[in-house]
Amino acid sequence: MSYHADDKGYYGEFGGAFIPEMLYPNVEELRSKYLEIMYEDSFQKDFHQLLKDYVGRPSPLYFAKRLSEKHGCKIYLKREDLNHTGAHKVNNTIGQILMAKKLGKTRIIAETGAGQHGVATATVCALMGMQCIVYMGEIDIARQAPNVARMKMLGAEVRPALSGSRTLKDATNEAIRDWINNPLDTHYIIGSAIGPHPYPDMVTRFQSVISEEIKWQLQEKEGRELPDYVVACIGGGSNAAGSYYHFLDEEEVGIIAVEAAGKGIASGESAATSALGKIGIIHGCKTLLMQTDDGQITEPYSISAGLDYPGVGPMHSHLHQSGRAEFYSATDDEAMTAGLELSQLEGIIPAIETGHAFAIFQHKKFKADDIVVISLSGRGDKDLNTYIDYFKLA
Amino acid sequence: MTNRINQKLQENGKLLSIYFTAGYPSLNDTVHIIQDLEKCGVDMIEIGLPFSDPLADGPTIQKSSTAALGNGMTTERLFEQLAGIRETVSIPLIVMGYFNPMLQYGVDAFCKKCHEIGIDGLIMPDLPLNVYRSEYEEIFKKYGLINVFLITPQTSEERIRIIDEASDGFIYMVSSASVTGSKEGFGNTQTEYFERIATMNLKNPQIVGFGIKDADTFEAATKNAKGAIIGSAFIKHLTTNGISQIEAFVKSIRN
Ligand SMILES: Cc1ncc(COP(=O)(O)O)c(C=O)c1O
């Protein structure tokens with residue numbers, strides 16, 4: 001079985017490009033050119049140079065000794081939190097800004113939930129001198145204030161999405177509408193492995209540097225390229241897709257996904273798409289999605305803005321349906337507890353999104369000699385206010 | 001029997017088509033609005049099945065969709081409301097919506113229902129041409145439904161020809177690069193685009209939509225095209241005036 005996108009952008013029955021005709025020229029231009037552009041020598045050279053000198057890659061693969069002792073297995077942390085701007089998101093925005101330049105675009109739009117992707121986009125736009133407009137749900141603007149300030153300082157315009165649940169889904173709708181209104185000069189930098197083909201595959205390829213590095217780093221540390229498990233949190237699924245990518249065809253590597261259960265899967269306030277979703281169409285992609293029987297997309301909930309999305313990337317729908325990946329979900333409380341534990345055992349305060357991945361230890365027991373790599377997708381600076389409120393730190 | 005859309009397209013004169021969101025302003029206004037529009041001489045009606053995330057729509061239609069869903073509109077309810085519509089209404093009726101609600105209802109079941117009601121065509125902006133052709137065309141045809149495709153100023157000539165080939169009613173010509181309801185009048189770019197398409201001698205007539213809001217824009221749009229569709233401007237009229245003054249709106253467009 002293939003776990004990669006076919007030439008029409010399908011992962012099994014998921015994926016494709018369900019876009020209105022207004023978007024066809026832009027999406028088709030990208031589709032017909034992305035692979036060719038991406039694998040040009042000059043593109044690869046620029047991409048890797050920036051990842052090294054600007055982002056600070058390779059990100060360390062760190063053996064978490066105290067966390068390992070606590071949970072009785074060998075835990076390695078892939079330190080995407082140490083990237084410039086504080087999360088994995090920048091791997092993708094570096095790739096896409098170079099792509100936008102090759103396509104001759106001068107104006108960049110993006111959606112953001114937690115603000116990490118917005119910051120990563122505003123950053124590369126500053127780097128390349130391009131105009132940047134970031135759509136962000138009004139609710140998220142309030143709960144991720146530090147990132148809003150960062151985007152503004154970087155010269156981006158942050159436009160509030162005022163419709164629907166006023167979170168990530170709605171910010172994505174607004175960005176798509178902007179692209180319809182500005183079809184000529186604008187490139188839309190999608191922030192996760194979602195959207196119409198070729199976005200999920202393109203974003204995944206840019207993020208695949210994560211698993212590429214894990215392989216040789218693990219070889220250095222353990223004398224083997226393959227871990228027993230790779231664990232990642234899933235919003236749209238870009239850090240997960242990048243962390244899994246080079247292990248997907250190695251069936252002995254266990255793939256573990258952790259979604260946001262919010263207040264509990266059955267609570268009606270959740271974002272655990274694989275548990276609550278049915279196949280449908282969201283943002284141009286056929287995938288699992290939370291919806292009513294009538295096909296209206298429902299409002300998700302998670303304490304973490306970056307996981308607050310009612311769909312999931314098509315690769316992950318396929319990994320779920322085919323049984324290739326094990327899916328878990330962590331509640332707000334479990335993720336917050338896991339974040340506190342990581343802070344106090346390893347001195348690393350994770351993003352709340354990332355805390356969900358670390359909640360795996362509350363759900364699954366590993367064997368003593370299991371090597372478990374966790375994608376530490378981002379740092380927790382942006383979430384300090386939420387942590388302060390939750391743990392009464394002030 | 002020939003499809004009512006095709007019959008209507010044979011008639012002389014320019015066609016005025018009106019879009020409204022079913023379930024707005026009130027849940028049970030649907031039939032009244034349709035009957036009134038026909039009485040006022042409107043040629044064709046697009047019945048909007050509201051969707052939670054209408055990507056191709058501007059704020060006006062978004063708001064009416066959210067309100068309609070809040071009023072309790074569902075696919076099943078719309079079909080119930082429309083059940084007897086052919087006893088009183090004879091102009092072509094088109095259901096316009098997004099693909100996900102149709103997919104959840106079941107594409108075959110959805111088309112079958114439309115056929116039973118007497119719906120003549122569908123406009124599903126996010127059901128792309130290639131997917132339609134490979135997976136759903138037979139179902140649409142089986143139930144005698146015309147699928148209407150969109151083109152925009154950015155659509156290449158080559159693709160317009162493909163779309164023309166795949167169409168058997170009319171082509172929905174999106175007036176400018178925009179979501180619904182967002183442009184102010186028409187400028188030179190639009191006029192050139194309208195003329196460019198007119199000279200292509202397409203097999204399907206074109207009906208222009210997006211940005212038509214008054215007599216001037218209607219006239220400009222139909223100079224070359226067979227007709228024009230009004231959506232947001234009509235919804236705004238309903239928002240301000242309710243459903244009792246539909247005639248005044250239609251008269252303001254075309255006498
Ligand atoms: C630190 C961090 N991790 C994870 C995510 C979730 O996104 P994805 O599933 O695309 O990795 C986000 C999104 O904002 C994030 O900021």
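Are Tyr132(B) and Phe149(B) buried or exposed? Both are buried. The close-ups below come from a predicted model.

**View 1**
By the ring-pairing rule, the count comes to 23 aromatic pairs over all chains. One of them is formed by Phe18(A) and Phe99(B). Their ring centres lie 6.2 Å apart, and their planes meet at 10 degrees. Planes under 30 degrees apart count as stacked, so this pair is stacked. Phe18(A) is buried, with a relative accessible area of 1%. Phe99(B) is buried too, at 0% relative accessibility. Ring pairs also bring in Tyr136(B): Phe18(A), Phe99(B) and Tyr136(B) are linked into a cluster.

**View 2. Tyr132(B) and Phe149(B) meet edge-to-face.**
Here the ring centres are 5.4 Å apart. The planes stand at 70 degrees. Over 60 degrees counts as edge-to-face, so that is the label for this pair. Tyr132(B) lies in helix H7 (residues 129–142) of chain B. Phe149(B) lies in the loop between strand S5 (146–147) and strand S6 (150–151) of chain B. The pair thus ties together parts that are 17 residues apart in sequence.

**View 3. Charged ends sit over tyrosine rings.**
Look for Arg159(B) and Tyr24(A). The charged end of Arg159(B) sits over the Tyr24(A) ring, 3.3 Å from the ring centre. Now find Lys263(A) and Tyr301(A). The charged end of Lys263(A) sits over the ring of Tyr301(A), and the distance to the ring centre is 5.0 Å.

**View 4. Four strands of chain A form an open, parallel sheet.**
Read the strand order as S7-S6-S5-S8. Strand S7 (157–161) and strand S8 (186–188) are the edges, and each pairs on one side only. Neighbouring strands are turned by 25 degrees against each other on average, direction ignored.

**View 5. A helix packs on the sheet of chain A.**
Strand S5 (residues 107–112) and strand S6 (residues 131–137) of chain A run parallel, joined by 6 bridges. Thr112(A) has Met136(A) in S6(A) as its bridge partner. Helix H5 (residues 116–128) of chain A packs on the sheet and touches both S5 and S6 of chain A. The direction of helix H5 makes about 165 degrees with that of S5(A).

Technical notes
Residues are numbered from 1 along each chain as its sequence is written. Chains are lettered from A and ligands numbered from 1 in the order in which they are written. This is a predicted model: local features need pLDDT of at least 70, side-chain atom pairs count only at pLDDT 80 or more; totals for chains, interfaces and linings use all residues. Side-chain values use heavy atoms; hydrogens and water are left out. Rings of Phe, Tyr and Trp (its six-membered ring) pair if their centres lie within 6.5 Å; planes under 30 degrees apart count as stacked, over 60 as edge-to-face and the rest as tilted. Buried means under 20% relative accessible area, exposed over 50%, partly exposed in between (1.4 Å probe, protein chains only). Helices (H or I, at least four residues) and strands (E, at least two) are DSSP runs, numbered from the N terminus. A charge sits over a ring if NZ of Lys or CZ of Arg is within 6 Å of the ring centre and within 35 degrees of the ring normal. Two strands pair if DSSP finds at least two bridges between them. Axes are lines fitted to C-alpha atoms, for helices over the stretch in contact, and angles run from 0 to 180 degrees between N-to-C directions. Contact means heavy atoms within 4.5 Å.
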